[in-house]
Amino acid sequence: MTKLAVALAVLVLVLAAAADADEAPISGTVKAVDGAAQTLTLNVTAKGKTREVVVHMKPGAKVVKFTRATEPGKTGFVEQEVALADVKPGWIVSATTKHEGNREVAEVVNVVLER
Amino acid sequence: MRTRPAWIIGGAAVMLAFGAWIVMPTVGRADPNGETHEDDKGGHAHVPAPLEYADAHVPLSVWTDTAMIARGKEIYATKCAVCHGDAGDGKGPAGVALPLKPPDLRDKAGVAEMRDNYWFWRVSEGGQAEPFKAKGSAMPPWKADLSVKDRWAVMAYQHTFSGHSGPHVPSEHPESVQVGRDIYAMACVMCHGADGKGDGSVGGTLAPRRAPQPRDFTQSEFKFRSTPSGRLPTTADLFRTVTEGVRASGGPLTFGLRGYRIMPAFRHMPEAQRLELIEYVKSLNSAFWTRLGTSTEPRSIETIKIPPSPPPTPERIVRGKQLYADAECLACHGERGRGDGPSAPTLKDNRQLPIEATDLTKPARFKNGSRPEDLYRTLMTGLAGTPMPSYGDALEPEQAWDLVYYVLSLSGDRRRAADAR
């Protein structure tokens, strides 16, 4: 019985690791925004190759940018949500995306630079 | 039944290995091509700044100028801290999710290895420059948004994170030129000496008791430059010399060098290594930094502009012949350009060593190159430390081209003069 429990625990760990492995950080320049489809098309470069990656926004996902805290006595940055429709081509963004089926799905997209 | 525990342990090990394999980043997913985020130091990579940024050194006083550092702090807070973090730890809120993490600027060793021109290049071009672009750097280029002084200010402020308080130069951080020093030790030390004073054990035997002798890098006299007379060369000038070598007659020890050279051409050395080598050579002479002025009064490096070469017409060559006589070129180079002018036997360099007047009928032996633009540059800058003067103040560009094409015509290869365009 103990051996079975150990084997099951190992199996759970492996499956958890596999689930975690489906996540990967990504950054790139926004090429297009599709509000209807809730997608961002990014130009992403890695290992010498540039390709387009379509990031699908998960239901309830948000785009955030970081601004300086304005409250007295507070320093650092605060998160500020941005509507997907307000994201402009040329902005640099990053996200941690999950591979679901053939799609890259994000829950949060961070704005690195607006330009 | 007694083997069951072994089976379970073995099975668990296989499953763990399988899990580890899955956890490893794979190719072709959200992180294209499987970027492995190998850089704990973020986007920092040990590559030399490219030639166009190689002279972008920072005036020494920038690093300790409190006004500059304060200005840098303001800019950093608004433009950089979101990724690099308020503390310079590379953990700004927008930086933590990046595939290629910003470097930790508090890392003394990592910062010490970054040369100032590399730093300026990174701030200016961001992740748009290779190899950072290929690694997927999200760093924006700031050259369009920040003036040169503002970029210096940001660097000066970032520099404070490392805890180093002096100027960020190779004399303070010898590790920043370690690669170049190693290359120098293998390729240059025999002639130029351990301290770069041109006193290597072999150097003096290449052309015994006569010029040319190996360059003393600790002095500010360099023959082959695109800068006005009396100035230090640009990095591109040094790169050209390292790449092409130096043509001149030498003693028996130079017989193995190809193409009538006294200094070998290092064109087969990878470009990055040549740049590293030159960074070390520059580190031997602080004048490469002091020539840039101060944070409040910066000076740019003046170079001779070489206009596009005009057509080598017969009229131009006739005019060049007259200039050749008027400028008294024939006193050293001789009437037919064979290096046998009346002054030739008495010529000495600034070390009082006998020096040959170049035989202008043999372009392959021109020390500073034989392309029309090479001759133009030689005429306008002169060759420091030799009797060859600068004609930069005496000749108009058109006149210089006349003289260039006349000199090329002396080789008897008129097609070369014509094709040289």
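A residue counts as buried if 20 or more other C-beta atoms lie within 10 Å of its own, and by that criterion buried residues make up 28% of the 115 residues in chain A. The structure is a predicted model, scored at ipTM 0.78 and pTM 0.84.

**Chain A**
- Chain A contains 1 helix and 6 strands, and, read from the N terminus on, its elements follow the order α-β-β-β-β-β-β.
- Of the contacts in chain A with a separation of 6 or more, 48% are between residues 24 or more positions apart.

**Confidence in chain B**
- The mean pLDDT of chain B is 88, with 87% of its residues reaching 70 or more.
- Over residues 22–40 of chain B, however, pLDDT stays under 50, and for this stretch the model has 44 contacts beyond four places in sequence.

**Helices 15 and 16 of chain B**
- Helix 15 (residues 372–381) and helix 16 (residues 397–409) of chain B have axes that come within 9 Å and cross at roughly 120°, and the two helices are therefore oblique to each other.
- The crossing in which helix 15 of chain B passes helix 16 of chain B is right-handed.
- On the side of helix 15 of chain B, the contact is made by B:P372, B:L375, B:Y376, B:L379 and B:M380, while helix 16 of chain B contributes B:A400, B:W401, B:L403, B:V404, B:V407 and B:L408.
- The residues of this contact between helix 15 and helix 16 of chain B divide into 11 nonpolar, no polar and no charged.

Technical notes
Residues are numbered from 1 along each chain as its sequence is written. Chains are lettered from A and ligands numbered from 1 in the order in which they are written. This is a predicted model: local features need pLDDT of at least 70, side-chain atom pairs count only at pLDDT 80 or more; totals for chains, interfaces and linings use all residues. pLDDT is the predictor's confidence in each residue, from 0 to 100. Two residues are in contact if their C-beta atoms, placed from the backbone, lie within 7 Å. Axes are lines fitted to C-alpha atoms, for helices over the stretch in contact, and angles run from 0 to 180 degrees between N-to-C directions. Helices (H or I, at least four residues) and strands (E, at least two) are DSSP runs, numbered from the N terminus. Angles under 35 degrees count as roughly parallel, over 145 as roughly antiparallel, 65 to 115 as roughly perpendicular and the rest as oblique. A crossing is left-handed if the near helix is turned anticlockwise from the far one by less than a right angle, and right-handed if clockwise. Ala, Val, Leu, Ile, Met, Phe, Trp, Tyr, Cys and Pro count as nonpolar, Asp, Glu, Lys and Arg as charged, and the others, Gly among them, as polar. A residue is buried if 20 or more other C-beta atoms lie within 10 Å of its own, exposed if 12 or fewer, and partly exposed in between; C-beta atoms are placed from the backbone.
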